[in-house]
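Good morning. Please have the sequence and the model open while I talk.

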Amino acid sequence: MENEKKVLYSGMQATNVLTLGNYLGALKNWVKLNEEYDCYFGVMDLHSLTVRQEPAEFRKKAKELYATFVAGGLDPKTNCIYYQSHVPEHAYLGWILDCFTYTGELSRMTQFKDKSAKHADNVNAGLFTYPVLMAADILLYQADLVPVGKDQKQHLEITRTIAQRFNQIYGDVFTVPEGYYGKQGAKVMSLQEPTKKMSKSDENVNSTILLLDDKDTIIRKFKKAVTDSEAEVRYDEENKPGVSNLMNIYGAITGKDNAEMEREFAGKGYGDFKMAVGEAVADELAPLQSRYRELMTTEKAYLEECIKENDARASHTAMKTLRKVRRKVGLTDIPDYH
Ligand code: AQP
């Protein structure tokens with residue numbers, strides 16, 4: 001039977017090379033869960049337009065992001081990996097859901113506040129309605145589970161609110177999704193300002209580990225990571241945010257808990273600890289990097305073929321939901337909309 005598995009949906013913006021935060025908060029969990037679920041992963045290029053993009057560079061980044069998903073371990077023959085902008089139903093449902101979302105709700109979103117401060121010269125309406133488009137992304141595919149980093153928790157909550165509101169008026173139209181957050185790695189912080197999240201658009205290169213950084217760069221960045229004046233590897237987010245962040249990263253990769261890490265580095269200085277974290281990260285990323293290089297050199301045609309197949313698959317599911325929504329809200333039938 002078709003679709004016995006539950007549905008998983010997630011995506012990322014095509015704004016830059018991914019960071020270790022994107023990897024540990026999202027991609028690594030996608031890979032972990034992908035066989036258990038019927039998965040849709042989007043390159044969220046419409047979302048990226050909330051910030052000005054240089055067109056040629058943007059197109060390139062979107063393709064690179066697609067290849068990164070595959071290089072990270074997602075098979076595009078079994079997972080529907082697609083570009084958001086290739087499925088116009090996202091924007092269409094986004095508009096309908098805009099009419100079921102209150103401006104008061106949107107103005108409470110912390111990402112909107114943060115991004116408005118960061119892009120003060122371009123506080124556009126898209127930045128404001130971003131969470132509604134995200135709700136449309138998820139609800140179009142009737143997703144049960146959405147694995148994301150903790151920074152997206154508020155957006156997932158509003159998605160649930162919108163779905164429940166719509167269902168209350170029109171009956172059971174949308175599946176109300178659950179968020180999935182990993183135990184470790186759900187919020188990776190900047191290496192230079194460990195009270196701020198690691199972000200792919202951060203201008204300070206030493207703040208982020210990029211997934212395509214080579215081993216020397218990774219180790220150098222960890223060596224420069226801000227810690228504190230003690231020399232004790234101990235988890236204490238409030239008083240030792242830098243060390244706690246590094247423990248969080250090391251734990252997410254090795255599977256070790258805080259007590260194990262504290263024992264492992266007892267009596268050793270931060271130098272040894274940083275080196276161990278750097279090596280663990282570099283080793284973790286090495287297979288992704290070599291697969292990425294293969295895909296971007298000799299397997300471009302294969303990716304194009306997958307894109308085409310997955311566009312059709314995503315469109316089929318998205319149209320099915322949109323058709324139902326159109327009918328429920330009372331829009332007239334489009335004769336050839338199948
Ligand atoms: N620091 C982080 N720790 C854990 N998870 C994170 N994510 C992002 N940063 C961290 C998760 O990665 C996914 C990608 O999200 P996105 O591309 O839609 O945008 P974002 O959350 O705004 O990510 P960035 O890196 O901060 O991008 P820019 O700089 O472009 O705004 C999501 O699942 C997110 O939770």
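Is Glu309 buried, partly exposed or exposed? Glu309 has a relative accessibility of 39%, so it counts as partly exposed. Keep in mind that this is a predicted model.

Glu309 has a partner. Its side chain meets that of Lys77 in a salt bridge, at 3.1 Å from N to O. Lys77 is also partly exposed, because its relative accessibility is 38%. In general, side chains of opposite charge can pair when their charged atoms come close. Here the pair links distant parts of the chain. Lys77 sits in the loop between helix H3 (55-71) and strand S3 (80-83), Glu309 sits in helix H13, and 232 residues separate them.

How many salt bridges does a search of the whole structure find? The search finds 20. Some belong to a network that links Asp228, Glu230, Glu232, Arg234, Asp236 and Lys240. Let me take two pairs from it.

Lys240 counts as buried, because its relative accessibility is 1% and the cut-off is under 20%. Asp228, at 23%, counts as partly exposed.

In the other pair, Glu230 and Arg234 meet in a salt bridge of 3.1 Å, N to O. Glu230 is partly exposed at 38% relative accessibility, and Arg234 is partly exposed at 27%.

Back to helix H13, which covers residues 300-329 and also holds Leu322. Leu322 is buried, with a relative accessible area of 0%. Leu322 and Thr15 are 307 residues apart in sequence, and their C-alpha atoms are 28 Å apart in space.

On the surface, Tyr92, Leu331 and Ile334 form a nonpolar patch, with about 230 Å² of accessible area together. Tyr92 comes from helix H4, residues 89-98, and is partly exposed at 31%.

Last, the pockets. How much space lies in the largest pocket? The figure is about 1200 Å³. Its lining has 45 residues, and those nearest the centre are Gln111, Lys115, Asp151, Lys197 and Ser199. The elements giving two or more residues to this lining are strand S1 (7-12) and helices H1 (20-33), H6 (110-118) and H7 (125-140). By class, the lining has 14 nonpolar, 19 polar and 12 charged residues.

That is the end of my part.

Methods
Residues numbered from 1 in each chain as written. Predicted model: local features only at pLDDT ≥ 70, side-chain atom pairs only at ≥ 80, totals over all residues. Heavy atoms only, no water. Patch = residues over 30% accessible without salt bridge, like charges linked within 9 Å, V, L, I, M, F, W, Y side chains within 5 Å. Areas by Shrake-Rupley, 256 points an atom, 1.4 Å probe, with all protein chains shown as cover. Salt bridge = Lys/Arg side-chain N within 4 Å of Asp/Glu carboxyl O. Helix = DSSP H or I, 4+ residues; strand = E, 2+ residues; numbered from the N terminus. Buried < 20%, exposed > 50% of the residue type's maximum accessible area, 1.4 Å probe, protein only. 1 Å grid on protein atoms, 1.4 Å probe; cavity = no way out; pocket = protein on both sides within 12 Å on 5 of 7 lines; lining within 4 Å. Points joined across faces, edges and corners; volume = space filled by probe spheres on them. Nonpolar A, V, L, I, M, F, W, Y, C, P; charged D, E, K, R; others polar.
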